[in-house]
Protein chains: 2
Amino acid sequence: MAVLGVDVGGTTVKARVTGDDGAVLAQWREPTPTGDPQALAGLVRRATEWYPVDAVGLVVPGIVDERAGVCLQAVNLGWRDVPVRELVSASVDVPLAFGQDVRAGALAEVRTGAAAGSSEPVLFAAVGTGLAGALVVDGRVLDSPWAGEIGQVLLSGGGRVEEIASASALARHAGAPDAFTVAERVRGGDGAALSAWRECVRVLAESIAWTTAAVGCATVVVGGGLAEAGALLLDPLTHEVSARLGILRAPSLVRAHHGDAAAVIGATLLAQDLLATGVAR
Amino acid sequence: MAVLGVDVGGTTVKARVTGDDGAVLAQWREPTPTGDPQALAGLVRRATEWYPVDAVGLVVPGIVDERAGVCLQAVNLGWRDVPVRELVSASVDVPLAFGQDVRAGALAEVRTGAAAGSSEPVLFAAVGTGLAGALVVDGRVLDSPWAGEIGQVLLSGGGRVEEIASASALARHAGAPDAFTVAERVRGGDGAALSAWRECVRVLAESIAWTTAAVGCATVVVGGGLAEAGALLLDPLTHEVSARLGILRAPSLVRAHHGDAAAVIGATLLAQDLLATGVAR
């Protein structure tokens with residue numbers, strides 16, 4: 001049976017149709033419809049008309065109450081208390097699974113990605129425009145609406161964590177167009193880039209260490225745009241996280257396997273789970 | 001049916017026998033047997049000989065693998081990789097449930113204490129000789145051996161969290177015999193006491209805020225000796241946690257209901273659960 005996964009981002013919607021074995025049957029991107037959440041329902045309906053599927057998995061960003069089917073707050077989309085599942089369900093003829101994007105990414109990484117087979121707690125940290133996390137315990141993603149918002153904590157020195165520890169903040173502090181350029185400059189020994197990089201690593205390590213200590217994570221999967229830097233990020237980050245944890249067990253830090261497709265893959269998994277269990281989550 | 005709960009502390013063992021309805025049939029304390037963990041088995045056996053029960057719940061401190069029945073590390077007791085469940089089970093004739101003390105305290109507070117009825121995530125923070133936490137999600141205590149060790153994280157300025165944010169550290173920094181005396185002096189306006197108190201609150205708030213952001217806690221139950229200070233602690237702590245969380249939802253901070261009996265009550269609950277489900281955890 002085929003399922004459609006839809007990952008709604010601030011500017012782009014990613015869509016993917018997969019078969020039973022997870023084989024990709026189709027995938028595309030289109031601009032996120034602005035304003036009215038009803039436009040999203042139209043987008044999903046047209047997709048299912050174009051490529052008939054047995055179920056849809058839809059994931060959105062922000063503070064999301066997955067059990068109620070409501071997006072409590074998504075600053076990028078200008079949404080507040082939007083009953084997304086109900087709105088979109090009403091316009092498609094197949095069952096709809098609903099979730100949050102970072103939690104869906106975590107699901108993809110523990111089921112078929114960098115943390116597959118892990119029986120101990122896993123943190124998936126998405127380091128991109130912002131910083132958000134999702135926790136997986138006993139194979140289940142923790143779905144409290146407010147869980148994982150580690151990028152919003154205020155630092156002792158003032159300012160939110162993600163104002164230092166994110167790809168966009170890194171670029172801004174280094175005076176570069178994007179994080180990729182910052183990484184290039186770090187490799188070239190540029191002082192301003194190095195200084196911004198170290199500060200980003202330090203704050204990211206702080207948030208990962210606290211989360212690891214609280215939940216006992218054995219593995220931290222680093223995703224989002226900044227993870228593309230690979231060892232340039234993961235080596236110093238592993239060192240700093242371990243140093244912060246002192247006598248506690250240091251987690252393995254690994255790069256996300258699914259890159260920026262993690263959330264849309266997670267959306268297809270939610271749709272498959274819905275077909276398998278009949279439980280509309 | 002009667003059950004025996006046993007809470008093994010660094011210096012004292014607390015024991016309590018309860019009936020079906022949770023009524024306390026007997027309770028006592030005795031010194032913790034030092035050295036050989038076998039001595040603990042003897043203590044539990046003698047208790048069950050004196051007061052016949054249908055099951056025993058035993059909780060111990062430190063890094064505990066509840067599923068394996070092993071205490072990986074308990075500095076206070078000088079234990080390392082001790083198969084406590086097996087050792088003690090062998091010397092008693094009734095089923096034995098095994099767990100960690102802070103997680104047992106959390107269980108007591110969510111079942112019959114300050115967080116009873118909460119459906120959202122709860123943090124139980126035990127602020128005593130050290131600082132440790134336990135998390136409850138969907139009514140289940142997270143039982144990864146390394147979860148909750150927030151007191152061991154190293155601060156940016158150096159030193160472990162519990163070297164500032166604990167009852168014993170507070171007394172030491174204020175130059176007082178104990179935290180109770182520090183609280184008295186704070187109420188009297190003593191400068192050194194006030195300064196140590198504020199620093200303790202600041203670091204405790206930092207650890208609570210990070211844990212709340214990671215897991216989405218709606219309630220934080222503050223237990224351990226320092227919770228006895230009541231509003232003197234909870235009022236500024238609530239303010240600081242909320243300030244740290246910025247736009248995120250601030251949790252309710254409440255004082256533990258069961259005081260220093262939380263862990264032994266949790267141990268009796270583990271024993272009752274074992275009788276009800278037959279699952280030896």
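Analyst: Two strands count as paired if DSSP finds at least two bridges between them. The model discussed here is a predicted one.

User: How do you know that E5(B) and strand E6 of chain B pair?

Analyst: Three bridges link E5(B) with E6(B), residues 70–74, in the antiparallel sense. The criterion asks for at least two bridges, so the two strands qualify as a pair. Within this pairing, B:Ile63 has B:Gln73 of E6(B) as its bridge partner.

User: What makes strand E5 and strand E7 of chain B edge strands?

Analyst: The sheet in chain B is open, with three strands in the order E5-E6-E7 and antiparallel pairing. Strand E5 (63–65) and strand E7 (79–82) of chain B each have a single partner strand, so one side of each lacks a neighbour in the sheet. Neighbouring strands of this sheet are turned by 15° against each other on average, direction ignored.

User: Which strands of chain A form an open sheet, and in what order?

Analyst: In chain A, three strands in the order E5-E6-E7 make an open sheet with antiparallel pairing. Its edge strands are E5 (63–65) and E7 (79–82) of chain A, each pairing on one side only.

User: How do you know that strand E6 of chain A pairs with E7(A)?

Analyst: Strand E6 (residues 70–74) of chain A and E7(A) run antiparallel and are joined by three bridges. A:Gln73, for instance, has A:Arg80 in E7(A) as its bridge partner.

User: Which element gives the most to the side of chain A that touches chain B?

Analyst: H6(A) gives the most, with seven residues. By class, that side of chain A has 19 nonpolar, nine polar and eight charged residues.

User: What is the extent of the contact between chain A and chain B, in residues and in buried area?

Analyst: Chain A contributes 36 residues to the contact and chain B 35 residues. The buried area is about 3200 Å², with 63% from carbon and sulfur atoms. On the side of chain A, A:Trp146, A:Trp210 and A:Arg244 lose the most area to chain B, together 24% of what that side buries.

Methods. Residues numbered from 1 in each chain as written. Chains lettered and ligands numbered in written order. Predicted model: local features only at pLDDT ≥ 70, side-chain atom pairs only at ≥ 80, totals over all residues. Heavy atoms only, no water. Contact = heavy atoms within 4.5 Å. Buried area = accessible area lost by both parts, 1.4 Å probe. Helix = DSSP H or I, 4+ residues; strand = E, 2+ residues; numbered from the N terminus. Nonpolar A, V, L, I, M, F, W, Y, C, P; charged D, E, K, R; others polar. Axes fitted to C-alpha atoms, helices over the stretch in contact; angles between N-to-C directions.
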